[in-house]
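I opened the model to work through it piece by piece. My notes follow in the order I looked things up.

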Amino acid sequence: MQYTKILATAFLCCLFFQTLLAQQTQISGQVTDPDGAALPGVLVRISGSTSGVVSDAEGNFRIPVAKPDGTVLEFSFLGYGMRQVALSSASFSEKIKVTLETEASELEEVTVLGKSELAEIREKAFNVSVVDARKLHHTNLDLGHALDRVSGVRVRESGGVGSRMNLSLNGFSGKQIKFFIDGIPMDDFGSSFQLNNIPINLAERIEVYKGVVPVGLGADALGGAVNIVTKNTAKNYADISYSYGSFNTHRTVVNTAYVAPSGFTVQLNAFQNYSDNSYWVDVDVADINTGKYYPNQRVRRFHDTYHNETVIAQFGFQNKPFADRLLIGLTAGKNYSEVQTGARLVTVFGAWHRKGNILMPTLKYQKSGLLNDRLTVALNANYNFGTEQNIDTLNRRYNWFQQYKEYDMPGGERSRSMYKYSNNNAVVSANARLKTAKNQFLTLSYVFNHFNREGSDELYPENNTYEQPRQTQKQITGLGYELNFRDKGSFSAFGKYYAQSNFLARAYNPTGNYGDVAYRNQAETTHDFGYGVTGAWFVTGNLQVKASFEKAYRLPEPEELFGDMINLAGNLDLKPESSYNYNLGMSLWKQLKKNHRMDFSANGFYRDARDFIRARLNNNQAMTIMDNLYNVTNAGVEGEVRYSFMDRFSTGFNMTWQNLRNNTEYEPGQSIPSLVYRDRIPNIPYFFGNGDVQFNFPGLIKEGQDLSLGYNVLYVHDFYLYWPSLGSDKFDVPSQVSQDINVTYTVGKKAKWQFTAECRNIFDEKLYDNFSLQKPGRAFYGKIRFFIY
Amino acid sequence: MNTKFQSFALSALFGAGLLVGCSDDPNPIPPGEVGTSRYIIASTPQSSDGVADYLLTAESLTEGTISTLGNGTEQDGTYRYYVTAGNKFFSMLYGQGNPGAVTTYELDGTGSLVKLSNFQSETVHAFAAVGDDIAMVRVARSGEPIGSWFRIDTEQMQIVADGQWDLAAIANNGERAHFSWIHQVGDKLFAPYFSIKGCCGDSFGTAYPDSAWVAVFSYPEMELEKVIKDNRTSFIGRYFVPGMDVDEKGDVYAFSSSVATSNGAITSTLPSAYVKIKKGEYEFDQSYYFNVEEKADGNYITSHVYVGNGKFIATMNDVKGAYDTGKRFGVVDVYNKTFTWITGTPDPAVVQSVTINNYSPKDGVHAYIGITTDQGSWVYEFDASTAQATQGLKVDGGVITAISKLEAPTE
């Protein structure tokens with residue numbers, strides 16, 4: 001089959017030949033269709049040779065040639081006629097423009113389009129979803145809300161802009177999911193650089209690995225990992241956007257890069273979020289004096305302002321003999337967030353707030369083509385000097401009518417505090433990929449994470465002498481072997497070695513005299529070994545089957561070991577959580593007719609997790625403490641269907657159903673089975689889905705003026721707050737449907753202006769999250785974006 | 001529910017003693033059969049996630065089985081505390097310093113719990129029915145030494161007064177007063193407390209492990225009138241555990257576990273004992289002292305239930321710990337200063353937990369205490385006259401956190 005060959009070549013090219021490019025003369029250009037639209041995935045190769053490249057999403061390509069004179073480039077792409085272009089010496093300096101003509105004949109064969117980087121990742125042997133962030137750049141989403149549209153993912157938040165987010169992936173949630181930015185662990189970046197405040201425009205794409213995580217990411221992820229890939233081009237660009245909307249929400253994003261011909265590169269990303277989050281909630285308002293409820297009042301949130309400002313600046317070199325990429329940078333930012341409620345809406349605050357900042361130098365280094373083109377290495381390092389502070393200094397009690405009672409004595413709304421701490425977090429990650437033989441690769445990765453919390457409270461200086469050292473070090477080493485059968489599929493096996501050392505000094509009284517204190521040093525080290533295998537196979541050119549397995553571990557986080565100084569007490573005896581994760585999936589691409597395409601994918605998964613780390617109350621019930629509490633299993637399915645007609649129309653939906661069950665048969669100390677053994681785990685959505693429709697009207701009024709309309713719907717089935725089988729008169733979180741709509745108008749050829757109007761939750765449905773916290777109702781946003789590439 | 005009705009005349013007659021006052025509730029609920037009453041049992045699942053209490057009703061505590069499986073009124077949130085006053089059942093959330101909704105129930109003519117209303121209250125850690133009021137207090141274990149009090153009118157079902165105390169001023173020794181519980185004694189509110197550092201990485205540590213204190217407040221003004229002190233025992237009651245009861249004559253008897261700590265180590269040197277405060281007096285009775293530890297083979301009291309006529313069913317433990325609950329039981333007669341071990345309770349080796357908030361009809365004989373073993377949870381009927389315990393009602397689905405009794409209001 002001819003197409004298999006093209007596919008094979010394309011695959012091969014993408015994987016191996018791009019690393020060759022830096023060393024030879026580069027010819028660059030762009031491939032378009034007769035209408036001038038960019039054609040991605042076009043195979044470009046030197047006539048008579050087997051080497052070639054594939055054009056990227058913008059139709060651009062770069063191909064190395066020894067000497068231009070006499071060299072002929074061949075351009076081929078299914079559905080278009082093959083074209084040959086002879087090069088001349090002039091081709092060096094200018095960008096070649098190639099237009100492919102549409103082929104008249106209808107296609108009968110099942111087709112696979114040339115692969116973009118996105119498709120390549122999707123076809124990896126992992127259960128992975130990829131979000132093409134560029135398609136969302138016109139929206140007002142942050143990373144968290146963009147992830148909420150991925151099958152198997154539910155993002156739960158406690159309120160509006162900047163509120164705490166918790167991502168759940170195939171039933172695992174919180175710290176069981178690891179986050180990476182360009183492959184660098186986002187461990188302890190602090191509150192100023194998180195999913196809830198990073199705008200979608202910072203990302204090029206988001207990869208969501210479910211259950212089995214590539215060894216190259218070097219993570220102790222129990223349930224999966226999310227890798228945010230930022231824009232990395234060797235071109236100059238600027239992308240600036242500003243949006244304004246309901247609840248006095250302002251967001252600004254500036255992404256820009258300058259790349260000198262010498263390879264000197266400066267990248268600057270800056271973003272800002274501001275919101276009053278003054279959306280309406282329906283609550284029972286308590287009388288400030290008597291506690292009597294005025295039921296079902298509709299009131300605005302009044303103490304929920306959030307803002308953050310972050311700048312990421314990087315400079316260095318690209319495509320030099322000593323490095324493909326060497327960037328030194330600094331991430332600096334701060335955030336301010338007011339605390340409106342406790343875990344429930346009945347608890348309302350009017351002055352308590354938090355502050356945080358990030359000051360993090362970074363180093364990124366990448367080099368390929370070593371050892372005769374067989375070795376690629378990368379090294380990343382960062383250190384966060386950022387601080388976090390909790391400020392609660394008014395002895396007041398508020399109600400939802402914004403009334404308050406103030407007491408004479410110094411106190412707080414919750415607990416008087418100005419505690420400020422720094423986690424002094426250092427992360428170093430390194431990995432190397434070696435081609436050992438034809439189609440065979442070895443990957444070695446190593447991640448080192450150091451944490452040392454230091455803090456003090458100016459209100460209680462006498463406590464400072466009792467501050468205890470809180471340090472932990474984590475090291476994860478991974479080794480993977482990969483066998484690639486080119487067009488047919490791939491196979492890999494890997495092992496991960498986890499080590500963690502905790503250092504803590506416990507206070508004791510050496511003499512028994514009042515107030516005397518000394519510290520006894522304690523160090524504890526744990527080791528664990530995890531492993532996994534993955535496989536992917538193309539049954540036919542357009543049907544791929546995947547299977548993967550991992551025995552995964554997650555090491556306790558510093559916060560779980562040492563507490564958060566507010567609500568959470570430390571537990572040094574925490575063991576890692578572990579899970580056996582299984583995935584089986586298939587994907588099908590089908591070209592129905594010319595221009596009509598269907599994509600279908602389905603995955604089944606099974607998780608068998610032990611020693612789940614969960615919160616319980618400590619001895620005197622003053623704080624929560626994390627503990628290895630119980631076992632769960634989760635069997636589920638998720639599926640996605642997409643249909644598209646050219647680039648004019650696309651629609652799709654995904655759904656996830658998961659059966660998360662309590663697998664702890666005997667509670668500690670019990671010899672009879674637990675009443676809730678095999679009961680569904682409460683307070684976690686188990687059936688949910690997304691649907692979207694997108695219309696594009698290119699050149700609606702005249703050329704260079706595009707209009708698009710988008711619609712998105714989110715459904716979450718109702719679920720119980722507590723164990724489903726217990727009680728007859730129960731609390732639940734009702735079913736929710738949220739619908740968003742947006743319209744975008746784009747104008748300009750090279751430099752483009754984009755205007756978007758967006759309405760979220762158009763029918764003003766009541767939306768809830770964890771423990772029935774209410775989320776914003778109908779909201780309107782407008783966004784202006786200017787970009788030039 | 002599988003319980004069979006068994007007449008239990010004494011309990012119906014004597015009602016819930018101190019906790020149940022008279023009521024002429026104005027709320028128009030269906031007129032019930034006069035004298036309808038039920039035991040209310042709160043059960044917490046033993047699972048470690050998604051924990052909520054369930055309120056179950058039972059006609060008898062001495063036989064049958066009740067289960068939370070598909071049955072019971074779910075209570076929103078973990079760690080709730082329950083108090084019965086004015087024929088109403090109050091379910092309060094312990095929310096770690098945050099306010100929370102208090103849900104109020106009443107019994108209807110058919111013996112079912114009917115929700116009356118919600119009102120908002122502060123998180124408290126000690127409370128007492130005082131006439132038709134509920135008095136509630138909260139004290140800070142660290143940070144500023146603030147004690148807050150609230151007075152709830154059970155007819156209006158709302159807070160009618162509140163205020164704050166300076167706990168450091170009450171302790172007046174460089175530490176702070178931490179109330180173990182509050183009790184109505186005559187027309188005063190007694191708050192036995194322990195002295196704690198409240199700081200310095202050892203909040204519950206103290207330099208004064210061998211003294212007992214009671215803060216005496218006027219009621220309803222809640223003004224501090226006096227602090228009384230005794231150096232013959234350590235502090236009265238324990239964290240979240242009431243240690244004081246008023247007998248039929250109006251005299252107060254109180255126990256000390258003698259478990260004060262410093263940096264987590266027990267530093268009390270005095271034995272676990274009962275002391276007395278005579279009716280109308282605001283000093284410890286120096287002529288009364290009952291060293292229980294000596295009579296109980298070195299065991300100390302971790303909690304007690306007053307059954308009337310000077311008798312307590314005490315929960316006993318051997319190794320001292322600030323938060324430990326005992327697994328053996330004894331009859332303490334504070335009038336005759338005798339201690340008798342109780343037989344018929346499960347082997348302490350299989351006992352997982354013992355309920356603290358228990359029920360007695362105050363007939364001088366009976367107490368009903370929840371015990372969870374590796375085989376499940378039961379209400380045990382304790383007989384103070386024979387020093388015997390008998391397995392009674394089985395409660396499937398968790399640990400019993402409270403046992404109380406509620407009467408349907410009479411029209």
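**Entry 1: one aspartate**

I began with D304(A), which counts as buried because it has 24 C-beta neighbours inside 10 Å. My cut-offs: a residue is buried with 20 or more other C-beta atoms within 10 Å of its own, exposed with 12 or fewer, and partly exposed in between, with C-beta atoms placed from the backbone. This is a predicted model, so local features need pLDDT of at least 70 and side-chain atom pairs count only at pLDDT 80 or more, while totals for chains, interfaces and linings use all residues. Residues are numbered from 1 along each chain as its sequence is written, and chains are lettered from A and ligands numbered from 1 in the order in which they are written.

Where does D304(A) sit? I found D304(A) in the loop between β20 (293-300) and β21 (306-320) of chain A. Strands here are DSSP runs (E, at least two residues), helices likewise (H or I, at least four), numbered from the N terminus.

Next I listed what D304(A) touches, leaving out residues up to four places away in sequence. The partners are G159(A), G160(A), D276(A), N277(A), S278(A), E338(A) and Q340(A). A contact needs C-beta atoms, placed from the backbone, within 7 Å. I also checked A260(A): D304(A) is 44 residues from A260(A) in sequence and 44 Å from it in space, C-alpha to C-alpha.

**Entry 2: domains of chain A**

I looked up the domain bounds, which come from an automatic or database domain assignment. Chain A has domain 1 (2-108), domain 2 (118-232 + 250-274 + 281-645) and domain 3 (688-789). The C-alpha centres of domain 2 and domain 3 of chain A are 23 Å apart. Their contact uses 17 residues of domain 2 of chain A and 19 residues of domain 3 of chain A.

Which strand gives the most to the domain 2 side of this contact in chain A? It is β9(A), with three residues. I counted three nonpolar, seven polar and seven charged residues on that side of domain 2 of chain A. For these classes, Ala, Val, Leu, Ile, Met, Phe, Trp, Tyr, Cys and Pro are nonpolar, Asp, Glu, Lys and Arg are charged, and the others, Gly among them, are polar.

**Entry 3: where the chains meet**

I then turned to the two chains. In chain A, 56 residues are in contact with 53 residues of chain B. On the chain A side, β19 (280-286), β32 (489-508), β37 (596-617) and β38 (624-645) each supply at least two residues. The largest share, three residues, comes from β37(A). This side of chain A divides into 24 nonpolar, 22 polar and ten charged residues.

**Entry 4: cores**

How many residues does the largest nonpolar core have? I read 138, and those with the most contacts inside the core are I41(B), I182(B), A191(B), Y274(B) and I313(B). A nonpolar core is a set of buried Ala, Val, Leu, Ile, Met, Phe, Trp, Tyr and Cys residues joined through C-beta atoms within 7 Å. Strand β15 (residues 188-196) of chain B gives the most to this core, with six residues. Domain 2 and domain 3 of chain A both give residues to this core, so it lies between them.

I followed A191(B). Beyond residues up to four places away in sequence, A191(B) touches V137(B), F179(B), I182(B), V214(B), A215(B) and F217(B). Another core lies apart, with 68 residues, among them L169(A), F189(A), I476(A) and Y553(A).

**Entry 5: sheets**

In chain A I traced an open sheet of five strands, ordered β8-β14-β15-β12-β13, with mixed pairing. Two strands pair if DSSP finds at least two bridges between them. At the edges stand β8 (128-132) and β13 (184-185) of chain A, each with a single partner strand, so one side of each has no neighbour in the sheet. β8(A) pairs with β14 (residues 203-210) of chain A over five bridges, in the antiparallel sense. There, V130(A) has E207(A) as its bridge partner.

In chain B, four strands form an open, antiparallel sheet in the order β5-β6-β7-β8. Its edge strands are β5 (80-85) and β8 (113-121) of chain B. Within it, F89(B) stands opposite Y105(B) in β7(B).

Last, I checked β40 (residues 687-697) and β41 (residues 705-716) of chain A, which run antiparallel and are joined by ten bridges.

Terms used: Two residues are in contact if their C-beta atoms, placed from the backbone, lie within 7 Å.
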